[in-house]
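Welcome, and thank you for taking a look at this model. Please take a moment with the sequence and the 3D view below before reading on.

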Amino acid sequence: EGGETIPLRGPIIAGRNPQSNVLKLDETPRLVALPHPHVSGTHLAILIEGWRVLARDLRSSNGTYLRRHGKPPVRLPETPVPLVPGDLIDLGKGLYIHLDRTP
């Protein structure tokens, strides 16, 4: 609620002060600043691989959790995890990224 819609046209790196050099990517990522003290500087990557959308925690201090309808929350590892429409990425303290649909 009160959030922003961001089209998923390529990789995204999100965090309090995100840096594009944390991952070696073929495409320059869009940097999304999340100005919240509990969010790590470079917290999370959302990637597109073929027809899949993937989320990856970037060694965040407080972790990143995947909330999938009907299942308990799962802490994201530092390896990419496939997402499906409807997934919520929980960054803590009521801060969520919602995957509405895949590109």
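## A threonine and some charged pairs

The side chain of Thr 64 makes a polar contact with the side chain of Asp 57, at 2.6 Å. A polar contact here is a pair of N or O atoms within 3.5 Å; within protein, one must be able to donate a hydrogen and the other to accept it, and residues adjacent in sequence count only if both atoms are side-chain atoms.

Before going further, a word on the background: this is a predicted model, where local features need pLDDT of at least 70, side-chain atom pairs count only at pLDDT 80 or more, and totals for chains, interfaces and linings use all residues. Residues are numbered from 1 along each chain as its sequence is written, and side-chain values use heavy atoms, with hydrogens and water left out.

Back to Thr 64. Its side chain also makes a polar contact with the side chain of His 43, at 3.0 Å. You will find Thr 64 in the loop between strand 4 (52–57) and strand 5 (65–67); strands are DSSP runs (E, at least two residues), numbered from the N terminus. Is Thr 64 buried or exposed? Thr 64 is buried, with a relative accessible area of 0%, where buried means under 20%, exposed over 50%, and partly exposed in between (1.4 Å probe, protein chains only). Setting aside neighbours within four places in sequence, the residues in contact with Thr 64 include Leu 44, Val 74, Leu 76, Ile 89 and Leu 91, contact meaning heavy atoms within 4.5 Å.

Now for the charged pairs. Side chains of opposite charge can pair when their charged atoms come close. The structure holds six salt bridges, each being a side-chain nitrogen of Lys or Arg within 4 Å of a carboxyl oxygen of Asp or Glu. Among them are these:

| Pair | N to O distance |
|---|---|
| Arg 52 and Glu 49 | 2.7 Å |
| Glu 78 and Arg 59 | 3.0 Å |
| Arg 68 and Asp 87 | 2.7 Å |

Arg 68 lies in the loop between strand 5 and strand 6, and Asp 87 in the loop between strand 7 and strand 8 (88–92), so this pair ties together parts that are 19 residues apart in sequence. Arg 68 is partly exposed at 26% relative accessibility, whereas Asp 87 is buried at 2%.

As for the remaining pair in the table, Arg 52 is partly exposed at 40%, and Glu 49 is partly exposed at 45%.

Terms used:
Helices (H or I, at least four residues) and strands (E, at least two) are DSSP runs, numbered from the N terminus.
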